[in-house]
Amino acid sequence: MSSSDSNGSTIERIGFRMSEIVERWMPSPFVFAILLTYIVFVAGLATGSGPGELLQYWYDGFWAFLGFSMQMVLILMTGFVIAYHPRVNNLLQRLARVPATGAQAAAFVGLVSMSLAWIHWGFSLIMGAIFAREMGKAAHEEGIDAHYPLLAVGGYMGLGLTWHWGLSASAPLQLTDAANIGEGTGFGFLESTVPAAETIFHPYAISLTLLSIAFATLVLYVLAPSGERAKGITEFVDEEELFDATGGGAADEEAASAAAEAVDEPAETDGDLPSERLNNSRVLGGLIALSGVLILAYQFVQSGLGAFTLNAVNFGFLMAGILIYQRPAYYRERFNDAAGAAAGIILLFPFFAGIQGIMSGAGLATLLAEALLSVSTAATYPVIAWVTGAIANLFVPSGGGEWLVVGPSVLQAAQDLGVPYGQATIAYAVGDAHTNLLNPFWALPLLAITGVKAREMFGYAIAMLLALIPFLAIVLYAVPY
C-alpha cells in the first residue's frame, strides 16, 4: 500500500480496497446472468428434477412474463424521456455546481437519486445517471477531487434502496390489482386487495424511507476517496466526448439552454407540409396529454389510493412526458433515444426470467422462502422477510416477477404469524432493492450514460450493501407498523 493509500479514514480505505478487488474479478452483466443460470440449474438438480425438466422450466420461463417485461421497459423509458427534457437537464447542471468537495458531491448525487426513486424508479435511474455525469464534469472543471465511480453508485442508490417503497413499487402495486388476487392466482388466500395506503403511503414505509435516505447519504459521504485515490471523470470518459455538446447524451449548460428553446419553438418543416404541421402540432399533443391526465384523475377520485397500480404509474408518466414535450414528433424522437437505454434490460430480462422459471418449476423459490420464514417470529418477521427478498433478488432481479413466485409464501407466513400484509410486503421490498447493489442488471442504463464499467463501480456498490445490512436489520426490527 502506497503512502497515499494510508491516508484517509478506515471506511474510506476499506471501500477503495473493495473496489480494486471487484474491478479485478467482476464479469459483465450478461456473463453474470449466464453464470447465475448455471448455478440455479445445478441447485435445481439437487431438488430431484432431471436435466430435461430443468431445461424445459428454463425455456418456459423465458416467455412467462412478457407483459410484465413491457411494463418494466415502459417505466424505464417514460422516466428516461422526462429526465432528458432540456430544462430538467439544465437544472441538474446547475445543481452539480453546489457541492464544494468530492464527499459532498457523492452524498448529494445519492440524496437526489434516492429521493427521486420514491417517485419513479426509471426516472431516478436515468436522472441519477445524468446527475452523476454532470457532477463529474463540474468537479473536473472546478478542480474538485470527486471519485467518479462513487458518483455513479450515488446515482444508482435509488434502485439499491428506496424504489420499492415508492410510487412505482412492483410488489405493493401488484397487490392493488384485483387480477393478481384470489382464486386461480398465487395469492388465492387473500380475500381482497391490499391498498397502497397499507404499503406505500403507510407511516411505516415513509419512516423507513426517510431514515434510510439519511443513513445512506452519510455512508456515501464517508466512503468518498480523496487525494490520489479520487479518480475523476476524465479517467473513464474521453475528454473530447465529455465536453462535446452532442456526445454522451448530456449537453453543457449553454447547449442545454439552446435545446430547451428548441423544444419551445416550432420545428422547421419541409415546405410547411400539412403532415409536418400535424407531426409538430401542440394542439394534438396537448389534448391527448390533458385527456390522459383527466382520466387518471378520475380514476383516483373513484378509487382513491387504490388507483395506484403499475399500469396507472406507467400511464401517468407517459402522459406527463407528452405534456411537457407537447409536439408528438419531438416526443417520439426522445422515445427513440430512450430505446437504447432499455436495450440491456430487453436482452437480459428473458435470461433472468429463465432463471426464475427454473426456481419456480423446481420449487427452489418456495423452498427458500419457506425455509427462511419458518424460523421467524412475529417480532423478527420483517428482518427475515427482508433477507428472503434479498436472496431471491440475487437470482431474479425483477421486483414484480420474483414477487409472483415468492410473494405468496411471504404473505402466507405473515398471515400465520399475525403480521400485517402491508408490513410484510414493505419489509420484503427493501430486500429486493438492497441486493441490486450486488447484481448489475438494473445498472445497465446507468453504465451506458456514465461511461463506467460495472466492475469499476460495483466495489463501492457492494461496500454500500454491506454498510446497510446492520442498519436495515435494526430499523426493520425496531420501527413499529
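Predicted model: local features only at pLDDT ≥ 70, side-chain atom pairs only at ≥ 80, totals over all residues.
Student: Let us move to α7. How many residues does it have, and how far does it reach?

Tutor: Helix α7 covers residues 121–142, which makes 22 residues. From its first C-alpha to its last it reaches 31 Å, close to the 32 Å expected at 1.5 Å a residue.

Student: Why is α7 described as largely enclosed?

Tutor: Because 19 of its 22 residues are buried, α7 is largely enclosed by the rest of the structure.

Student: What follows α7?

Tutor: G143 follows, and its phi is positive, near 70°.

Student: What about α2: which of its residues are buried?

Tutor: The buried residues of α2 are P29, F32, A33, L36, T37, V40, F41 and G44.

Student: Why might residues three or four places apart point the same way in a helix?

Tutor: An α-helix has 3.6 residues a turn, so residues at that spacing face the same way.

Student: What covers the buried residues of α2?

Tutor: The cover includes α3 (51–62), α16 (328–361), α17 (364–373), α18 (381–395), α21 and α22 (454–478). Helix α2 itself spans residues 29–46 and reaches 26 Å, close to the 26 Å expected. Just after α2, G48 takes a positive phi of about 100°.

Student: Now the loops. Where does T435 lie, and is it buried or exposed?

Tutor: T435 lies in the loop between α20 (421–434) and α21 (444–450). Its relative accessibility is 7%, which means that T435 counts as buried.

Student: What does its side chain reach?

Tutor: The side chain of T435 reaches the backbone oxygen of G431 at 3.4 Å. A polar contact of 3.1 Å also joins the side chains of T435 and N393. Leaving aside residues up to four places away in sequence, T435 touches G389, A390, N393, L394 and L465.

Student: Finally, A179: buried or exposed?

Tutor: A179 is exposed, with a relative accessible area of 59%. A179 is placed in the loop between α9 (170–174) and α10 (203–223).

Student: How far apart are A179 and T193?

Tutor: They are 14 residues apart in sequence and 9.3 Å apart in space, C-alpha to C-alpha.

Key:
Residues numbered from 1 in each chain as written. Heavy atoms only, no water. Helix = DSSP H or I, 4+ residues; strand = E, 2+ residues; numbered from the N terminus. Buried < 20%, exposed > 50% of the residue type's maximum accessible area, 1.4 Å probe, protein only. Polar contact = N/O pair within 3.5 Å; in protein donor to acceptor, adjacent residues only side chain to side chain. Contact = heavy atoms within 4.5 Å. Expected span 1.5 Å × (residues − 1).
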